[in-house]
Structure formats: C-alpha cells, structure tokens
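Welcome! Below is a short tour of a few local features. Take a look at the sequence and structure first.

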Amino acid sequence: MSTLTHPADPAAKAPGVRTRPHRGPSLRRARSLLGVVPFFAFVAVFLAIPTLVVVAGAFTSDDAGFTLDNLTALGNGYVVNAFVRSVLLSAGTALIGAVLGGLLAYALVTAREGGLLRRVVSAACGVLAQFGGVTLAFAFIATLGLSGFVTVFLRDRLGVDIYAGGVWLFELPGLALVYTYFQVPLMVIVFLPALDGVRPQWREAADSLGGSTWQYWRMIGGPLLAPAFLGSTLLLFANAFSAYATAAALVSQGSPIAPLQIRSALTSEVVLGQQNLGKAMALGMVLVVAVVMGLYALLQRRTARWLG
Amino acid sequence: MVGVIRRRARRQRLLRWVILTGLGVFFLLPLLAMVEFTTRGAGGTLSLETWRLLVDWPRLSETYPDLSVGIAASFGLVVLTALLMLVLLVPTVIWVRLRLPRLHRVVEFLCLLPLTIPAIVLVVGLAPVYAWVTYFLGGSPLTLTFAYTVLVLPYAYRALDAGLSAIDVRTLSEAARSLGAGWVTVMWRVVLPNIRSAVLSAAFLTVALVLGEFTIASLLSRVNLQVAINLLGKSSATMSVAVSLAALLLAFVLLLLLSLVGRGRHRTATKELS
C-alpha cells in the first residue's frame with residue numbers, strides 16, 4: 001500500500017480523437033476486446049469465482065440448499081467474541097500506530113526530501129509494514145520470548161521478570177505489540193504523501209499575518225490534514241483486521257480473533273451443520289473491511305482537494 | 001522573519017531527533033535482539049554457527065530439508081509471479097488505455113478489489129479452485145503463482161497506472177502507427193520503454209510481497225519460505241530467527257533499490273518539464 005494516490009488520467013478524459021474512418025466498427029470493437037480476454041479470464045477464475053464461493057457458501061446449507069443458518073450462527077458467543085476482539089485489537093493498534101506513525105512522518109517531512117535519512121527510513125517502513133507477519137513474530141520471539149534478548153537481560157541483570165503474571169507474548173497483548181510494530185511504519189507510508197502536500201507558503205502566509213504555531217496547526221494544518229489522518233487510520237484498521245500471519249505464528253492456543261476462527265473452521269473437524277460457517281465468517285470480515293475501505297475512499301477524495 | 005524561520009528550523013531539528021531516537025529504539029531493538037539471539041553460543045559465548053549453516057546450501061538442505069524446499073519454492077514463485085503479472089497486466093493496461101478507454105474503470109475496480117478481500121478470506125474461496133488446479137497441474141508450491149498474482153494486482157496496477165499517466169500514450173502510439181508500426185511494435189518498442197521504471201517498481205513490489213506471503217501457502221498446505229520458517233520455529237527457533245532476519249534484510253535492500261528507481265523516474269520527469 002505504498003502508492004495510494006489516484007492520479008488523474010489525461011488520456012481517458014481527453015475527447016476521443018478518431019482520425020481514421022470506421023471500417024466495420026462492431027468487428028473492430030470485437031477484435032479490440034480480444035486483447036483483454038486473458039486478463040478477464042484470469043480474474044474470473046482466480047478472483048471472481050473465489051469471491052462468489054464465499055458469498056454463495058455463506059447462504060448454503062450442508063445439503064446444498066439455501067439457508068440463513070450460517071449467518072445466524074455468526075451470533076454464537078464465541079464468534080461474536082472473536083469479532084469483538086478483532087475489532088478492538090485493530091482499532092487500538094490503528095490509533096497507536098496512527099499517532100506514533102504520524103509523528104514519525106512529520107519528523108521525516110522536516111528532513112531534506114530525497115536525503116539519505118528519508119530514503120532509508122522509507123524503505124525500512126516498507127519492509128516492516130508489508131513484509132509478512134511471520135518474520136516479525138519471530139523477531140519478537142527473539143526479543144521477548146522466554147529466552148529472548150530483553151527477557152534474559154531484564155531477568156539476569158535487573159531481576160525483573162516480565163512474565164511474572166503469565167506469558168503474555170503469545171496472547172492478545174503480544175499480538176497488540178507486534179501489530180503496533182507494523183502499523184507505525186504503514187502509517188508513515190500512507191501519511192507521508194499528505195504531509196508532503198502541505199505547502200510551506202501556507203505557513204509563511206500564517207506567519208506574515210501574525211499567527212502563532214498553535215494557531216497555524218489549529219486553524220490551517222490541522223483541518224487540512226484531518227481527513228488524511230482519519231483515512232490513514234481507517235486503512236490501518238483494515239490492515240490489522242485482515243492480518244493473519246502474525247497471529248497464526250504467535251498464538252498457539254485457541255482462536256481469539258476472527259482470522260484464527262476462520263482457520264479453525266477450515267482445518268479442524270467439520271461440525272455437522274456448520275460446513276459453511278467459515279464462509280459466513282469470511283463474508284463478515286469482507287463486509288467490515290469493505291465498509292472501512294469505502295469510508296477511506298471518501299476521505300481520500302476529500303484529502304485530494306487540497307493535498308493531492 | 002528570518003529569525004523566526006531559523007528558530008523554527010532548529011526546533012524542528014530537535015523534535016525530529018527526539019522522535020527518531022525514541023521510535024528508533026523501539027524498531028531497532030527487535031532487530032538487534034535477532035542478531036544476538038542467532039549468535040548466542042553455549043555458556044554466553046559468541047557463535048556464528050547458525051549463520052555459517054545458513055550460507056552453506058548443501059549442508060542446510062541436509063539439516064533442514066523443509067527450509068531449503070521453502071526457500072527454493074519462494075524464489076521460483078517470485079520469478080513466476082513477476083512474469084505472470086507482467087504478461088497479464090502490462091499489455092492489458094496499455095491496450096485498455098489505447099483502444100478501450102471505457103473499460104478503464106472496470107479494470108481499475110477489478111485490480112483494486114483484492115485490497116478489500118483479506119487473504120484469509122480469499123483462501124476460503126480459493127480452496128475449491130485449487131482443488132482443480134491440483135487436479136490439472138499437481139500439488140507443487142509453484143502453483144501458488146496464480147493466487148499470488150491476484151494478491152499483487154492492486155500494487156502492480158497502481159505502479160503501472162501511475163507510469164502510464166505520466167506519459168502521453170495516445171500521441172506516442174498515434175505517431176508510431178502513422179509511421180506504419182503494428183500494435184505489437186507500439187507496445188513493445190514505444191510504450192514499454194517509456195514506462196520502464198513503472199514496470200520495474202511493479203516487479204520489485206511483487207518480489208517483496210511474494211517473499212513475505214504466508215496465509216495462502218499455509219492454508220493451501222504448500223511450503224514456501226514463510227511456511228518453512230514457521231514450521232522450523234517449533235524445532236529450531238534459532239535457525240528460523242536467522243532466516244527471518246535474512247529475509248527482512250533482503251526485502252529492505254530490494255525496497256531501497258526500488259526507491260532509487262523511483263528517484264530516477266522523478267529526475268527524468270523534471271528534466272522533461274524544464
């Protein structure tokens with residue numbers, strides 16, 4: 001999710017300039033369409049069919065009839081709890097990530113553009129934000145695992161046992177910590193373009209009219225950046241909500257969050273009458289993500305008005 | 001006025017270093033811990049045994065067969081996915097821009113759709129499709145190429161679309177056509193060289209994404225790099241931490257290269273403007 005801007009498309013908007021006469025326009029159009037057949041065929045098989053499988057499966061009973069049982073089964077206590085925990089985990093890490101990442105992005109934007117610092121931090125952010133949860137899970141096992149660097153250091157040198165109250169790394173608090181570790185860099189990536197769009201002239205205009213730093217941020221910078229900040233936070237939420245690898249690698253017991261519930265529905269013994277419960281949960285996840293991404297798109301459009 | 005600006009620059013510099021130091025500790029600590037963890041020998045000594053094993057391919061594949069299979073599969077997948085993505089996407093986006101502008105929105109929507117479908121959901125729907133893939137092509141991990149191409153569509157599409165928006169495709173192609181070039185020549189020799197850096201960045205993003213993918217491979221029971229790291233974590237945590245660190249560093253180098261490619265494009269763009 002590095003380039004989130006949708007640049008205007010001059011070629012598509014330009015009035016169609018057709019210089020040559022139409023020789024059998026319908027035949028030519030049909031031949032033109034042939035050029036996109038491979039792409040559409042591929043997308044149909046590997047994107048459209050899987051989506052339909054999930055949607056149709058959510059409404060299909062074990063004997064292939066139509067049913068709403070799968071959806072009502074989403075009301076079961078353990079499913080609801082998993083979704084609630086997922087939402088809380090995603091919202092919490094999105095907020096922390098947005099604040100810390102926003103600060104880091106601000107620190108970067110005051111540095112020279114195209115400088116070494118910025119390039120190195122951007123690349124590092126790209127890796128940490130997008131490069132898979134398994135490696136990050138193992139990074140934290142090396143840091144805070146039972147024989148991790150920090151754990152051992154604190155225990156042997158300072159006599160502090162961070163696991164006195166139980167090993168929390170492999171439960172929700174541990175997940176929150178590792179999620180924060182990839183949310184902050186993602187925030188930097190998605191928020192930096194908006195900060196780059198803030199023109200120094202606006203600050204100078206505020207200065208020349210006698211505005212203070214506080215007034216500038218409250219009345220100019222803040223309102224301008226608010227949609228971008230909110231939008232980025234939503235994107236972080238969707239990112240954490242969809243994440244699976246970190247949780248799969250860290251959590252060894254139970255299925256505290258929604259993606260892990262789907263895993264257990266996929267891999268464990270099928271409970272009679274619930275073959276398609278996994279698809280119903282998957283549909284639930286898609287709906288949450290779709291709503292969040294829809295809001296994100298709206299805010300993105302609002303942002304583009306000034307900072308595009 | 002100058003005094004205000006100078007004072008502000010000093011304050012910003014101070015704030016910058018406070019933030020960078022604070023977050024830098026948080027982000028570098030796990031990476032340093034990985035180094036320490038993998039070089040820890042018996043009785044508190046320093047040992048490079050794990051790293052020596054990691055670079056010694058024959059011994060590695062003997063000691064951890066799963067890991068070497070996973071590494072090989074991931075590199076194969078990187079190449080195949082990048083190829084399939086380029087073959088599928090580059091001609092399509094160019095063609096849509098030139099001949100079928102009305103399909104532009106549809107193609108954009110389809111390419112960005114995977115962003116709203118979490119991988120864990122996609123895998124639920126892909127399971128029956130992959131039953132057929134296994135039937136026709138076998139259960140090799142390399143068949144994941146298809147799923148991964150779907151995953152990289154949004155990122156690759158954005159990179160290519162941005163590249164194409166920066167040039168005047170229509171004028172270029174009409175100029176070439178009026179000189180007698182066929183469509184294949186237009187694409188291969190006129191448009192493609194002009195969006196070279198966009199194609200490169202799409203390819204780099206693909207590489208990083210495929211090397212880091214876990215969800216789909218794991219749930220379709222195919223071993224790739226990440227699945228192997230996870231499996232290994234149960235028996236030899238040291239080795240899996242070492243491989244994780246190596247993979248992170250590799251991805252970092254790739255993205256750093258990517259930013260250099262991006263910079264090259266920026267510079268040519270400004271040069272053309274002036």
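Helices here are DSSP runs of H or I with at least four residues, strands are runs of E with at least two, and both are numbered from the N terminus. In this predicted model, α9(A) has a kink of about 40° at F191(A), shortly before the proline P193(A).

Helix α9 of chain A covers residues 172-197, 26 residues in total. From first to last C-alpha, α9(A) reaches 37 Å, close to the expected 38 Å, where the expectation is 1.5 Å times one less than the number of residues. Because 20 of its 26 residues are buried, α9(A) is largely enclosed by the rest of the structure; buried means under 20% relative accessible area, exposed over 50% and partly exposed in between (1.4 Å probe, protein chains only).

S244(B) sits in helix α13 of chain B, residues 237-273. S244(B) counts as buried because its relative accessibility is 0%. Beyond neighbours within four places in sequence, S244(B) is in contact (heavy atoms within 4.5 Å) with T135(A), F138(A), M34(B) and I229(B). Its side chain also reaches the backbone oxygen of S240(B) at 2.8 Å.

## Reading notes

Residues are numbered from 1 along each chain as written, and chains are lettered from A and ligands numbered from 1 in written order. As this is a predicted model, local features need pLDDT of at least 70 and side-chain atom pairs pLDDT 80 or more, while totals for chains, interfaces and linings use all residues, and side-chain values use heavy atoms, leaving out hydrogens and water.

How values were computed: A polar contact is a pair of N or O atoms within 3.5 Å; within protein, one must be able to donate a hydrogen and the other to accept it, and residues adjacent in sequence count only if both atoms are side-chain atoms. The bend at a residue is the angle between axes fitted to the seven residues ending there and the seven starting there.
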